[in-house]
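Reader: I have a model open and would like to go through its architecture with you. Shall we begin with the terms and then turn to the details?

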Amino acid sequence: LGWLIRFISHSVISGFTTASAIVIGLSQAKYFLGYEIDRSSEIVPIIKSIISGADKFSWPPFVMGSIILAILQTMKHLGKSRKHLKFLRAMGPLTAVILGTSSAKIYHPSSITLVGDIPQGLPSFSIPKGFKHAKSLISTTLVITGVAILESVGIAKALAAKNGYELDSNQELFGLGAANVLGSFFSAYPTTGSFSRSAVNHENGAKTGLAGVITGIVMCCALLFLTPVFEYIPLHLEELLLGMLTMGPLQCALAAIVISAVISLVDYEEAIFLWRVGKKDFLLWIITAITTLFFGIEIGVLIGVGFSLAFVIHESANPHIAVLGRLPGTTVYRNIQQYPEAYTYNGIVIVRIDSPIYFANTSYIKDRLREYEIVVDKLTRRGPQVGRIYFVVLEMSLSYKKNVAFDSPAAVTYIDTGAVQALKELHHEYKSRHIQIAISNPNRNVLLMLSKSGVVELIGKEWYFVRVHDAVQVCLQHVESIKEDHMASGSDSSPEETESSLFKSLLKQRGEDSSVAELESGTNNKPSDLKHSDPLLEPLLLQKS
């Protein structure tokens, strides 16, 4: 299921980690303040609880936690800014534990809760004796699995982005699955990637999974031989170091370690960057951050992913469509909005669709093509003077030419049966208005789909070209013929009758259709019989002799 993670955008990850860091930091406040705060993944209940319990504030844990937090931040700063002191960064949490434990052992402050007695030894191995509860647990299991995937890969992607490496989502999920399957034989809790502990690991310089192996070995040794030592650790420190195994309440120095670690994950700089560069991504960041703060981590991630998918669907259903013009002095055609110097031709509109064509975007594409019949005609500057559009050239790929500047859109890599039907409807609509479609350089899969569905036969194989320039040159010759025939017809017939008879003669002039077996050839030795034909203007689909 790793492919699902591709839909979690960087904006969602950044907003999620920022909001989660704030919530986790505030959740540690109870160990500084000396009184209980409601356990919640939402910011509002936490703040209400902090305010309502202010009369229970205790100075000793606040002073100890603040001192330890200041020491941690100082050691982190020195470790990052001075290479010869980088060892201080990893020593920070250990220093916090030693200071907290020593203070509790020497002064015995009554207001600071200690860990107390920890059961010695490892959990025992056991095999399930039955599955009578499995049915009732299925729904809960699915929810836990979904949250585990989103949260675990979310923090993993955030750390991958910070450290410049690629994340293998499938491998990440495989690791989580293996951990849960093996842990289940020791009555372990469901395991996910921990946000706070991952942040601490990252802040202290861990680079590979070996850090987790070493941590596991140390934890096993601690449970077997060192549990009496942890009796005097102030509970806020133990939350980080032993929380995975003891599952007990931990308090003031460990909270300092957690807060110190998650501070670096508050990514406000990314929000400023997104506001400056991409408003849509900034909106996604804000939505994810706010929903995570006010509705919890799980809901926040789900809503963020939902909006990501909505944006993807919107972009896919409303693809970028460019009108192309010819760059002066070249046979290269580019977006006229990106290259204002590019010019178009009277009677011809060249359109490039920068996405696959499928059922969801066919209506949008057809609407835009109808608009271009009217709007683009005002932009024409070259070619025979005619009153309207007679040819629509659909460019289905981008040809790169050496030493020529270009934009970089996607090609039409795929069409479905909905797109086939839309092309048929468009052809009939254009035919009724005496407009001919020409198609330039479709890829193999698209061409085969058009052939199998009968669109190639419907439009005519002679109207498929290897290059846009070839299509334009052929269309220009026909436009010139249209102009000459209009002038020759005089007032003997109506414009509609003239256009109708002219188009019939043009289609006949382009030749008869060839067989489907010649679709991919492109190497006929017999050029078309078009008047003034250029041997370079080869149609993509060859005609029968």
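This is a predicted model: local features need pLDDT of at least 70, side-chain atom pairs count only at pLDDT 80 or more; totals for chains, interfaces and linings use all residues.

Reader: Which residues have the most contacts inside the largest nonpolar core?

Author: They are Ile348 and Leu450, in a core of 57 residues. A nonpolar core is a set of buried Ala, Val, Leu, Ile, Met, Phe, Trp, Tyr and Cys residues joined through side-chain atoms within 4.5 Å. Buried means under 20% relative accessible area, exposed over 50% and partly exposed in between, with a 1.4 Å probe and protein chains only.

Reader: Which helix gives the most to this core?

Author: Helix 20, residues 468-489, contributes 8 residues. Helices (H or I, at least four residues) and strands (E, at least two) are DSSP runs, numbered from the N terminus. There is also a second, separate core of 40 residues, which includes Ile13, Leu176, Ala199 and Val262.

Reader: How many helices and strands does the chain have?

Author: There are 21 helices and 6 strands. Of the 545 residues in the chain, 45% are buried.

Reader: Where does UniProt place the transmembrane regions?

Author: The unreviewed UniProt entry puts that feature at residues 7-26, 57-75, 137-160, 172-189, 209-233, 240-263 and 283-313. UniProt positions are given in the numbering used here, feature names are shortened, and annotations may be inferred rather than shown by experiment. In the model, residues 283-313 are 97% helix and 0% strand, with end C-alpha atoms 16 Å apart. Residues 172-189 are 72% helix and 0% strand, and their end C-alpha atoms lie 18 Å apart.

Reader: How do helix 14 and helix 15 run, parallel or antiparallel?

Author: Helix 14 (residues 279-295) and helix 15 (residues 297-317) have axes that come within 7 Å and cross at roughly 155 degrees. Axes are lines fitted to C-alpha atoms, for helices over the stretch in contact, and angles run from 0 to 180 degrees between N-to-C directions. The two helices are therefore roughly antiparallel; angles under 35 degrees count as roughly parallel, over 145 as roughly antiparallel, 65 to 115 as roughly perpendicular and the rest as oblique. Among the residues that meet are Leu284 and Ile287 in helix 14, and Ile303 and Phe307 in helix 15.

Reader: Changing topic, is Ala419 buried or exposed?

Author: Ala419 counts as buried because its relative accessibility is 1%. Ala419 lies in helix 17, residues 417-432. Leaving aside neighbours within four places in sequence, Ala419 is in contact with Ile357, Tyr358 and Thr362.

Reader: And what is the phi of His434?

Author: The phi of His434 is near 60 degrees, a positive value in a residue other than glycine. Most residues other than glycine have a negative phi. His434 sits in the loop between helix 17 and strand 5 (436-440), and counts as buried at 17% relative accessibility.

Reader: Where is Asn441 placed?

Author: Asn441 is in the loop between strand 5 and helix 18 (444-452). The phi of Asn441 is also positive, near 50 degrees, and Asn441 is partly exposed, with a relative accessible area of 24%.

Definitions and conventions:
Residues are numbered from 1 along each chain as its sequence is written. Side-chain values use heavy atoms; hydrogens and water are left out. Contact means heavy atoms within 4.5 Å.
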